[in-house]
Amino acid sequence: MIFSAFAVLTIAIALASTTRAANTTNITLPSGAVYINPLNYDVVGANYTQWRTNNSLVGFNPTNATPPVIQVFDPSFLNVTGTNATIRVVASNPGFAFAHEAPIYVPDLDVVFFCSRAGGNLSYSGWYNNSVVSVINVTQVDSALASNAGGANVQTQTLNLSDTVQMVNGGTGPYKGNLLFVTSGRALLPPSVVLVNPSPPYNSTVLLDNFYGRQFNSLNDIKILPGTDIMYFTDPTYGWLLKFRPQPMLPSQVYRFDPSTGQVQVVADQFVNPNGIAFTPDGKTAFVTDTGAAGGYYGYNQTLPATVYQYDVDPVTQSFRNRRVFAYSDSGIPDGMQLDTAGNVYSGCGDGVHVWNPQGTLIGKFFINSTTPELMFTNSGLLIFDEERILLANIKAQGINLTAY
């Protein structure tokens, strides 16, 4: 009798697995998408090198689909993409990493501001040269794609900013009608939190450039705690690692800054290099990436973190507590982050944009097969920043509101 019950259970499990596989292979995909059933790749043996080396810098593309392509790892990702999603190049500048990070979408103007890479390959910036901030008009993107469905090359405009704004790397907003940037600083010029008017002549106001008299290392990303004016920003050591800032004098930490009182405090530490930051719309949960695996000019160590951590936001102190692993990027590092209104978490990684559901399960990727440091939701879809290119994924999902009034 015991054997009989066990046999029945085994058959039931096998049938359930077969039914699941059959159901997921019958899903209807957008024309520019492929389905990657995790069950088919749980065991690959020694031949895994035929489609991926044991190197996190190489993208996961077992179907050998031509990028850019939408990879569906779970049918729920179709709620993100919708039925007609595509990925198209909308701007490019070969040889210049003009499309790096700090994206800020201003709905009233239908434009996205962003920055070039600060230091490193194809950046044309370093100890002696500043990076640049540019803007792309999304309305012009829509018009260009309407006349050329295969893609476009919309011209971007470079801003002429004050010399107090050195090496912009992160941004959010609009914040009370302004662009809110963090800069990494350059040489002996300090990293800072700075407001920039989104209209010419782009007047800027520095809000913070030190921690009680000590310069920060190289500020990287910033978000506003929803429902408040409180700013949270990360401070890794990439200025030093990319040789455009002096040796770090502070730990790699996450800070809270209240511009109404001027108080700045550490809310999280124990990182190799904290990078992207994001909040859920209710402000109760925070996400911070640790990109310690990427060491700038000192190389890549894939045994160090390429991890998204999740925290509870203390309702009284607004500090971060109860750290736990939310996700780990299988390719490259998880850089900038954004959330959609369904609670899915998006991050620019080594082979494209990865999307995890609220439980931390990878449900899909916008596979570009190159490093995509950041992304930004617009009314026309998801802009993906791919260093030398900007791509648009016209998807169903919508981003959370980042405007602070």
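How many helices and strands are in the chain? I looked this up before anything else. The chain has four helices and 26 strands.

**Entry: the model and its confidence**

I note that this is a predicted model. The pLDDT averages 93 over the chain, and 94% of the residues score at least 70. Where pLDDT is low, the predicted coordinates should not be read in detail. I left that stretch alone.

**Entry: the whole chain**

I looked up the overall dimensions. The C-alpha atoms fill a box of roughly 75 × 55 × 40 Å along the principal axes.

Of the 405 residues, 55% are buried. Taking contacts between residues at least 6 apart in sequence, I find that 56% join residues at least 24 apart.

**Entry: a sheet of four strands**

In what order do the strands of the open sheet β12-β15 stand? The order is β12-β13-β14-β15, and the pairing is antiparallel. The edge strands are β12 (222-224) and β15 (263-268), each of which pairs on one side only. On average, neighbouring strands of this sheet are turned by 25° against each other, direction ignored.

I followed one pairing in detail. β12 and β13 (residues 231-235) run antiparallel and are joined by three bridges. Across this pairing, isoleucine 224 stands opposite methionine 231 in β13.

Is strand β17 (residues 285-290) buried or exposed? Six of its six residues are buried, so β17 is largely enclosed by the rest of the structure. I checked which way the residues point. Thr285, Phe287 and Thr289 point one way, while Ala286, Val288 and Asp290 point the other way. Both sets are buried.

I then looked at what pairs with β17. Strand β16 (residues 274-279) runs antiparallel to β17, with four bridges between them. Here phenylalanine 279 has alanine 286 of β17 as its bridge partner. The hairpin of β16 and β17 has five residues between the strands, and glycine 283 in this hairpin takes a positive phi near 75°.

β17 also pairs with β18, in the antiparallel sense and over six bridges. Alanine 286 turns up again in this pairing, where it stands opposite tyrosine 311 in β18.

**Entry: salt bridges**

How many salt bridges does the structure hold? It holds six. Side chains of opposite charge can pair when their charged atoms come close. I looked up several of them.

Aspartate 229 pairs with lysine 176, and their closest N and O atoms are 3.3 Å apart. Aspartate 229 lies in the loop between β12 and β13, and lysine 176 in the loop between β8 (168-175) and β9 (178-183), so the pair ties together parts that are 53 residues apart in sequence. Aspartate 229 is partly exposed, with a relative accessible area of 28%. Lysine 176 is also partly exposed, at 45%.

Aspartate 312 forms a salt bridge with arginine 324, with the closest N and O atoms 3.2 Å apart. Aspartate 312 lies in strand β18 (residues 307-313) and arginine 324 in strand β19 (residues 320-328), so this pair ties together parts that are 12 residues apart in sequence. Aspartate 312 is partly exposed at 22% relative accessibility, and arginine 324 is partly exposed at 29%.

Arginine 389 forms a salt bridge with aspartate 386, with 2.8 Å between the closest N and O atoms. Buried means under 20% relative accessible area. Aspartate 386 has 7%, so it counts as buried. Arginine 389 has 25% and is partly exposed.

I also noted a network of salt bridges that links Asp330, Asp351 and Lys365.

Definitions and conventions
Residues numbered from 1 in each chain as written. Predicted model: local features only at pLDDT ≥ 70, side-chain atom pairs only at ≥ 80, totals over all residues. Heavy atoms only, no water. Pairing = 2+ DSSP bridges. Helix = DSSP H or I, 4+ residues; strand = E, 2+ residues; numbered from the N terminus. Axes fitted to C-alpha atoms, helices over the stretch in contact; angles between N-to-C directions. pLDDT = per-residue confidence, 0-100. Salt bridge = Lys/Arg side-chain N within 4 Å of Asp/Glu carboxyl O. Buried < 20%, exposed > 50% of the residue type's maximum accessible area, 1.4 Å probe, protein only. Contact = heavy atoms within 4.5 Å.
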